[in-house]
Amino acid sequence: MKLKVRSSKKPKNGPNVKEPSSGTKKSQDDSAMQLLGVTITAVNITKDLVPISLAKGILGTVANILIIAQSVIKNQSDFQAIVDKCETIREILERATKDATDDDLRGYLGHALSQLNKSVNRINSEVASKKEQGFWQRLLSVTSDRDRIAGWEKDLDRVIPLFSAEMLVGLTIGMNTRTLELKGNVNRNVERYRPPVPPPRPSMFYGREDLVAELTNLVVNDGHIALIGLGGMGKSSLAKAVINEPPAMEKFADRRFFVTYDGLDPSTITFETFTTRFAGALGIELAGADPMRQISTFLRSASALVVLDNAETFEEASGSSALGEIPPAIADIANIPGVILILTSRSRRNAPNVRWITKDIPPLDLSSAQAMFFQIYHHASHSDAGEDIRDLLKALEFHPLSINLLTNAAQQNSWSPATLLKRWKDRHSKVLDAGKGKLQSLSDTMQLSLSSPSMQDLGEDGRRVLAIIAFLPQGLNDTLASDLLPSLPQVDIICDVLCRQSLVYRQDRLIKMLAPIRHYVRDSLQAPDSTCLREICAFYYRIVDCCSEEHDRYADIITSDHLNIEHVIAFNLAHVSDVIEETYDICWQFLWCLQRHLPRPTILAPVIFKIIENSSMREPKARCLQYLGALYTTLTQLTEGMKAFKTAEALYLTVDDHENAARCVVQCADICRCQGRFIQSQEVLEAFQHTDSWKSLSETLKAHVLYFSDKARIYTLTTFVDELFVKSAEDRDWGLPSKIWHWRAKFYHGGDIVQANTQLEDLLPQCPSTGDLFARRDVLEGLAQIAFCEGRLSDAMDILHKLVEMFEGQYSDGVLWYTVQKAIVASKQGNHDLARELIHKASEPFQFFALRNARAFLHRSYGSALIELAAGEYDKAASQFTATIEGCNLQGNLHVKAFSIRGVGEIAFVHGDFVLAAQHFAEARSLCTEMGVPPCNLYSCLPFHALSNRFEGWGLFLEGHSSLTNVM
């Protein structure tokens, strides 16, 4: 049965159209009411005829909308357009469901009807709600009726094209092919449609939960996403995970499509290839000359989530037609309401005119990488192989494909963890070529990137830059690239292309490369170009040569590129013989730069020790060892420092360089002094004064030796105080520091404190306020100690603050040292909270340095113990003292260990455990004997380290008090 309802279109009133007269208006309303009644009847008749239950329900809802309208509307003629839309829906459903069965609802018709059902139900709900509120009765009787009715008309306008578009693509049902005619008289031969099944969530997908959740939230909120990253980063897996998340499945249902462009050659791809792949993933066959119109028409039918996987294939298309047509086509698709795109690509040449939300895909985290590894590898448990495997995964920089390939190779070959580590160490990227194809071979996935048209356009220069970035452990400094490589004037453009291809990435002003890629480039591409290496070497050597104590541009480059400079020096020492003398000179200068601006361990140590000691190399090697020892000393790696200095001393003596040999001897002696081995320090320097070298020294260098000899004797007091620093005070260079320490020594050992304070104040103006600040430091420190001992705590705090300000930005260990002393003064003032805050602040800005400096750790830890002890927090104090003792054991520091053991003894004494207290005090006294320090003078030279006078256990023990001696 075919029902037709004839209707007239509602005129659209422009600004100059006159309102109808009251008589004409009444006539139009009467006509509208008659048509409305006829439409309701037709809808109800069709409802009884259609074979699909869902369609019956939709028509019932439409009839209800019209019935409500009929009962409440006053301006019926204004409602004419809505009546027309409902009639159109009736016609569509009558035609679309002819000869259909409920089985057909599993196809696309079911989806189309479902979308239409949601829309008319929403409108019906709103209409019914307004009726209950009396909204229509009130609103539709005023002159603004038309605006509200136009809103309902727009709602229905969104429904009808949605459903009609699906019919136009050929999504009708019949057992046989038939013709569907809709608005516009479009005739199409169509076949039954079955939606393709999207790929499942990958079984080997670990971690990235937060990223998946973020991406899912973006797509369900209509965001177009571009997932960018190196091959093997898991971009495709991530996209598959997102489309299988419940929110995405709920919103897009079976309208989730995965279009892959894998395996295509970018140099031959055409627009036809692009659209054919696209249509195939949608499950439709293209016919005619306008494929994008057919794809767009299909996508307009309902919301859809479309993944364009391996998009670099068409983004890198070298064919002019493809390059010109594909990006606009993607932009057109992205502009279809309800269509959301996820694009995965190695390239950043994503289609313009699309509001992409670009996400750079990071490597896995450690936990996820381990989970992935042990899911595949079963020849050892997580606990048995944990540490070694963690190191291996870090070496791979958690690159998912590399982990997968290496783990499968280990599993298939039954390698033990030790064997696996050896294979990686010996072969690196070669282990990652387990098969053919980008998913089975790192080499193949790299070749895909290297063979892209963008890379081919760069020619050999592209590979030259890749090789240099792989050679430099930090990567290439982005801001210095043209300075480092002047023979490559296009280096900045080349780096941009490499970044767009995801072969490298930018981070902290450096152009970097993931470790597996770096190994592949080193193993499989040409070696770094010799011209480029010479240019890099010349630039870095010039920077090192110009670097001084000032924190200037040269120091900044040393700090930013320190690993690269170190690597270039090590490479040249080992492999480049024609620049060997220059490299030795740069080597020791670089070690000095590290000590001054960025104290850290260095890979140059073994290289320096391996230098062949022929006649011409002894002096350069000795100098490098001397500065290496100084760096070790700054880092409080005292054993290593001692070894370097002693080796350097021996080499200097072979070339009769007695002055530098003397400097090495002084350094060794001072290491002993810093450890509290004062007797040993004295013996080393006194023995040197009886060697033949002593006779060859200048007076200034002799004064240097004597000065450091007295720096040890000040603790042991093996001579009269008045004799300390007297001989060295006669030297022009060492006179000022010797005078300063002479008066400090007198203060430490009972001299006139007022006189000592006056003498130090008089020496202060003689001390430089710029450049070498150590004389000024020594005076101010002495004045702060005197003020502290005299109880002038505010003065002591002020002086210490000056010291902190003096060293800020220059010597991080100096800032930490005096900030801790400020905390001790604050504690003495009773402000324990401020003291704790200062201790916490002491290391915050200097973590890089403090973590590598045991001396700084011991100073801060002991200072914390003193503060907690003064606050009466004995458990916390005991914990800090214990940590300090453990640190002293590692560093061989006898002095601070004695302080700390005395501290835990005082805590035991306070708690009434006299046996334990006596044991600790006895151990502290034994350490004093080993150091050569009289026990009663344990704190004489370090007043800030002394415990409060209210802790009497140590004094009673030394006096032989019965409560502590009878228990021993």
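## About the model

Because this is a predicted model, local features need pLDDT of at least 70 and side-chain atom pairs count only at pLDDT 80 or more, while totals for chains, interfaces and linings use all residues. Residues are numbered from 1 along each chain as its sequence is written, and side-chain values use heavy atoms, with hydrogens and water left out.

## The overall picture

Let's start with the whole protein. Its secondary structure comes to 47 helices and eight strands. Here helices (H or I, at least four residues) and strands (E, at least two) are DSSP runs, numbered from the N terminus.

How many of the 968 residues count as buried? The share is 53%, where buried means under 20% relative accessible area, exposed means over 50%, and partly exposed is in between (1.4 Å probe, protein chains only). Contacts tell us about the fold too; a contact means heavy atoms within 4.5 Å. Among contacts between residues at least 6 apart in sequence, 70% join residues at least 24 apart.

In soluble globular proteins, nonpolar side chains tend to be buried together. A nonpolar core is a set of buried Ala, Val, Leu, Ile, Met, Phe, Trp, Tyr and Cys residues joined through side-chain atoms within 4.5 Å. The largest one in this model has 107 residues, and the members touching the most other members are I342, L466, L476, L485, L498, I569 and I608. Another core, of 104 residues, lies apart from it and includes F747, F788, L838 and A908.

Take a look at L476 in the largest core. Leaving aside neighbours within four places in sequence, L476 is in contact with I469, A481, L484, L485, V491, C495, R509, L510 and I511.

## Helices α31 and α32

Two packed helices are described by the angle between their axes and the distance between the axes. Axes are lines fitted to C-alpha atoms, for helices over the stretch in contact, and angles run from 0 to 180 degrees between N-to-C directions. The axes of α31 (residues 658–674) and α32 (residues 678–688) come within 7 Å and cross at roughly 165°. That makes α31 roughly antiparallel to α32. For such labels, angles under 35 degrees count as roughly parallel, over 145 as roughly antiparallel, 65 to 115 as roughly perpendicular and the rest as oblique.

On the α31 side, A662, V665, V666, A669, D670, C672 and R673 meet F678, Q680, S681, V684, L685 and F688 of α32. By class, this contact of α31 with α32 has nine nonpolar, two polar and two charged residues. Ala, Val, Leu, Ile, Met, Phe, Trp, Tyr, Cys and Pro count as nonpolar, Asp, Glu, Lys and Arg as charged, and the others, Gly among them, as polar.

In the loop between α31 and α32 you will find Q675. Q675 is buried, with a relative accessible area of 10%. Leaving aside neighbours within four places in sequence, Q675 is in contact with L638, Q891, G892, N893, L894 and H895.

## Helices α34 and α35

How do α34 (residues 699–716) and α35 (residues 735–748) pack? Their angle is about 10°, with the axes 11 Å apart, and the two helices are therefore roughly parallel to each other. Y707, K711 and I714 of α34 make the contact with P737, S738, W741, A745 and Y748 of α35. The residues of this contact of α34 with α35 divide into six nonpolar, one polar and one charged.

## Two lysines

K621 lies in helix α29 (residues 618–634). Is K621 buried or exposed? At 2% relative accessibility, K621 counts as buried. Its C-alpha is 7.9 Å from that of L651, although K621 and L651 are 30 residues apart in sequence. Beyond neighbours within four places in sequence, K621 is in contact with I608, F609, I611, E613 and L651.

K240, in helix α8 (residues 235–243), counts as partly exposed at 25% relative accessibility. Leaving aside neighbours within four places in sequence, K240 is in contact with P199, P200, R201, P202 and F258.

## Positive phi in two loops

E397 is not a glycine, yet has a positive phi of about 55°. E397 sits in the loop between α15 (382–395) and α16 (400–412), and at 23% relative accessibility counts as partly exposed.

D508 also is not a glycine and has a positive phi of about 55°. Its place is in the loop between β7 (505–507) and β8 (510–512), and D508 counts as exposed at 64% relative accessibility.
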